[in-house]
Amino acid sequence: MLAKMKIIRERGERGKRMKAKQYAIIGMGRFGSSVAKSLHGMGFEVLAIDSSEQRTQEVVNMVTHAVQADSTDEEALRALGVRNFDVVVVAIGEDIQASILTTLILKDMGVPALIVKAQNELHGKVLTKIGADKVVYPERDMGIRVAHHLISPNILDYIELSDDYSIVEIKATSALIGQSLRELDIRAKYGCNVMALKTGDKMNIAPYAEDKIKENDVLVVVGLNNNLQQFERTFSE
């Protein structure tokens, strides 16, 4: 264990001189392990930490390093060199007390960027007050996405930017196919902006007014939630 800690601490210190960001993910539940695996797959160095030996072993081949440690033990975190990582994600599941205490310790250690998973709004408010740089609500956000898809199968994805604004991916319906963006005049009629058009694997991030919508195209649209709903209802099949 001490040998592992020494290696990770040394690698973390070298990381300060590297251009590629290094990430430490604490909590190897469904959310934490998914984030860790994805970052490692993108080529980043990832340290996975969990208090459970079983969960640690499950991700050992998915990340750069996997270590069993108690994240509420400040000395353990310092020994692991967690403060040397560019971004630390606290993805602790049901144990809200451990989540809050870990966040406090990491903030006191001077972690450059601290992202923390919250179970609910109250938990999120506490995390924000004690210094979390960003609070995420994966279960809530996924629930919102699924709900929007259930309401309309034309909505492929939904990202809430704030209480009022969102970005949606809308599948082109028969009412849209063959028309140009100029003819649809979406901004003037619905107060929404088409940010991009997706055709298969290709993404047009700066569509022209003359670009016509083809079958199987996907529109990436941003706007007020009410305006987006009106636009989607108007062109639903």
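The legends below describe close-up views of a predicted model. Local features require pLDDT of at least 70 and side-chain atom pairs count only at pLDDT 80 or more, whereas totals for chains, interfaces and linings use all residues. Residues are numbered from 1 along each chain as its sequence is written, and side-chain values use heavy atoms, with hydrogens and water left out.

View 1. A pocket is an open set of points, on a 1 Å grid over the protein atoms alone, where a 1.4 Å probe fits, with protein on both sides within 12 Å along at least five of seven lines; lining residues have an atom within 4 Å of a point. The lining comprises 24 residues, and Gly-29, Ala-91, Ile-92, Gly-93 and Glu-94 lie nearest the centre. Two or more lining residues come from each of α2 (30-41), β2 (45-50) and α7 (138-151); helices (H or I, at least four residues) and strands (E, at least two) are DSSP runs numbered from the N terminus. By class, 9 lining residues are nonpolar, 7 polar and 8 charged, where Ala, Val, Leu, Ile, Met, Phe, Trp, Tyr, Cys and Pro count as nonpolar, Asp, Glu, Lys and Arg as charged, and the others, Gly among them, as polar.

**View 2. Helix α2.** The 12 residues of α2 reach 16 Å from first C-alpha to last, close to the 16 Å expected at 1.5 Å a residue; the expected span is 1.5 Å times one less than the number of residues. Gly-32, Ser-33, Ala-36 and Leu-39 of α2 are buried (under 20% relative accessible area; exposed is over 50%, partly exposed in between; 1.4 Å probe, protein chains only). Seen down the axis, the buried residues of α2 fall within an arc of 135°, so they line one face of the helix; the arc is that of the directions from the helix axis to the C-beta atoms. Exposed Arg-30 and Gly-41 sit on the face turned away from the buried side.

**View 3. Salt bridges.** The structure holds 6 salt bridges, each a side-chain nitrogen of Lys or Arg within 4 Å of a carboxyl oxygen of Asp or Glu. Asp-50 pairs with Arg-55 (2.9 Å, N to O); Asp-50 is buried at 6% relative accessibility, and Arg-55 is partly exposed at 33%. Asp-133 pairs with Lys-107 (3.5 Å, N to O). This pair links distant parts of the chain, 26 residues apart.
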